[in-house]
Structures are given as C-alpha cells and as structure tokens.
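Please open the model in a viewer and keep the sequence at hand.

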Amino acid sequence: MAAENPQTTQNTVLVAVFAALIAALGLVPPITVGIIPVPITLQTLGVMLAGALLGPVRGMLSVVVLEVLVLAGLPLLAGGRGGLGVFLGPTGGYVLGWIPAALVIGFLVQHWALRQARPAARFAAVLLSTVVGGIGVVYAFGVPWTAVVAGLPLSTSLLGSLVFVPGDLLKAVVATAVALNVHRSYRRLLGGVSAAAR
C-alpha cells in the first residue's frame with residue numbers, strides 16, 4: 001500500500017477544521033431584523049476566514065463540506081437549521097453564495113493581496129478581498145434569491161440587505177486582521193506566498 005501524502009493529509013485536516021469552524025460559529029444565536037426573512041449570523045466570518053487562510057480551493061471545499069452536511073439534514077446553520085428546505089428558502093442564495101465567496105476571497109488573497117509589499121497596502125488589499133467575496137459575491141447570490149423566493153421586489157430585497165452591511169464590514173476587518181497574523185506566523189499555509197506578510 002502506498003504511503004499517504006503528508007500534504008494531502010494536511011489539506012484534508014484543514015478543510016475539515018474550517019468546515020467545523022463555520023459550523024461552530026452557527027452556535028451563536030442569529031439576529032432577525034424583520035425587514036427581510038434572512039437572519040444576521042456569524043457564519044459569514046467563518047467563510048471569510050476559510051478563503052483568506054486556506055486559499056481558493058481548500059477554502060471553497062471547507063464550505064462545500066459544511067453545505068453537504070447541511071443538505072443531509074444536520075442542523076449546522078445558525079438557529080439549528082439544516083436540510084434541503086434551507087437551500088430552497090429565502091436564505092438559500094446567501095448560503096449557496098458562501099461557496100464562490102470563499103473561492104474569490106482565497107484567489108484574491110493568495111494571488112494579489114499577500115503580494116503587496118507595504119503592510120498598509122497589504123492590509124487594505126486583504127480587506128478589499130474579503131469585502132468583494134464576503135459581501136459582494138454573497139449578496140449577488142442572496143439578494144435576487146430572496147426576492148424570488150419571498151415574492152419581494154428586487155429593490156426591497158436589496159434595501160433590506162443593507163442592514164447586514166455594517167456587521168459584514170466588521171467581520172471583514174476581523175477576518176483581515178486574523179488572516180494577516182496567521183500568515184505572518186505560519187508562512188507556508190499558502191505555499192510560501194505569505195512570505196511577504198511580515
């Protein structure tokens with residue numbers, strides 16, 4: 001029997017750990033604002049961290065693992081939600097949007113943001129990457145999905161989503177600070193790309 005590649009084992013463990021992290025953030029009770037039927041949760045922070053720390057492929061896979069488990073019925077989303085109904089409901093677009101969000105964040109962080117030479121530019125680039133993926137991409141899926149499923153005008157769904165923006169910007173700042181600190185301490189996490197993150 002061929003020996004298992006240590007790098008493959010590490011990647012598998014990291015994907016599993018971040019899927020578990022996103023699920024654990026769902027233990028924090030969601031906040032319902034009442035304007036649109038979509039709660040505020042901390043799990044978007046986990047998606048941002050997965051992409052920013054693991055890169056595009058492993059970050060995306062960690063979200064895929066979580067969502068497959070949710071689809072199988074495990075109550076891993078905030079508020080103890082799980083099952084096919086989550087994806088078919090008003091929040092389905094936001095949840096599905098986590099997958100490309102982690103991919104986009106990871107790609108931008110690995111191939112652009114961490115290559116910035118100056119610390120201030122690097123922080124701004126990582127922050128912009130998490131905002132583009134964690135807010136722009138997620139909302140691009142979530143807003144029209146909510147409008148269709150809930151029978152709302154697109155403008156109402158869009159206006160309702162604005163209530164999430166301040167919290168999501170705060171999550172992006174937190175994810176940026178954590179990602180830069182981790183990459184500074186563990187420079188091989190993205191295959192040495194983070195070597196510039198001093």
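Begin with the lining of the largest pocket, whose residues divide into 11 nonpolar, two polar and one charged. In this division Ala, Val, Leu, Ile, Met, Phe, Trp, Tyr, Cys and Pro count as nonpolar, Asp, Glu, Lys and Arg as charged, and the others, Gly among them, as polar. The model is a predicted one: local features need pLDDT of at least 70, side-chain atom pairs count only at pLDDT 80 or more, and totals for chains, interfaces and linings use all residues. Residues are numbered from 1 along each chain as its sequence is written, and side-chain values use heavy atoms, with hydrogens and water left out.

**The pocket**

The volume of the largest pocket is about 190 Å³. Select I40, T41, L42, G167 and K171, which are the closest to the pocket centre of the 14 residues that line it. A pocket is an open set of points on a 1 Å grid over the protein atoms alone, where a 1.4 Å probe fits, with protein on both sides within 12 Å along at least five of seven lines; lining residues have an atom within 4 Å of a point. The volume is the space filled by probe spheres set on the points, and grid points are joined across faces, edges and corners. Helix 8 gives the most to this lining, with four residues.

**K171**

Next, select K171 in helix 8, which covers residues 165-185. Helices are DSSP runs of H or I with at least four residues, and strands are runs of E with at least two, numbered from the N terminus. Is K171 buried or exposed? K171 counts as buried because its relative accessibility is 9%; buried means under 20% relative accessible area, exposed over 50%, and partly exposed in between (1.4 Å probe, protein chains only). A polar atom of the K171 side chain lies 2.5 Å from the backbone oxygen of T41. Apart from neighbours within four places in sequence, K171 is in contact (heavy atoms within 4.5 Å) with T41, L42, T44, L45 and M48.

**A78**

Move to A78, in the loop between helix 3 (56-71) and helix 4 (84-88). With a relative accessible area of 1%, A78 is buried. Show T41 again: T41 is among the contacts of A78, with G26, V28, P30 and Q43, when neighbours within four places in sequence are left aside. From A78 to P30 the C-alpha distance is 5.8 Å, although 48 residues separate them in sequence.

**G92**

Select G92 in helix 5 (residues 92-111). Its relative accessibility is 0%, so G92 counts as buried. G92 touches V86, F87 and W145, not counting residues up to four places away in sequence.

**L152**

Now select L152, in the loop between helix 6 (119-150) and helix 7 (154-161). L152 counts as partly exposed because its relative accessibility is 26%. Its C-alpha atom is 18 Å from that of V138, which is 14 residues away along the chain.

**The whole chain**

Buried residues make up 43% of the 198 residues. Of the contacts with a separation of 6 or more, 70% join residues 24 or more positions apart.

How values were computed:
Polar contact = N/O pair within 3.5 Å; in protein donor to acceptor, adjacent residues only side chain to side chain.
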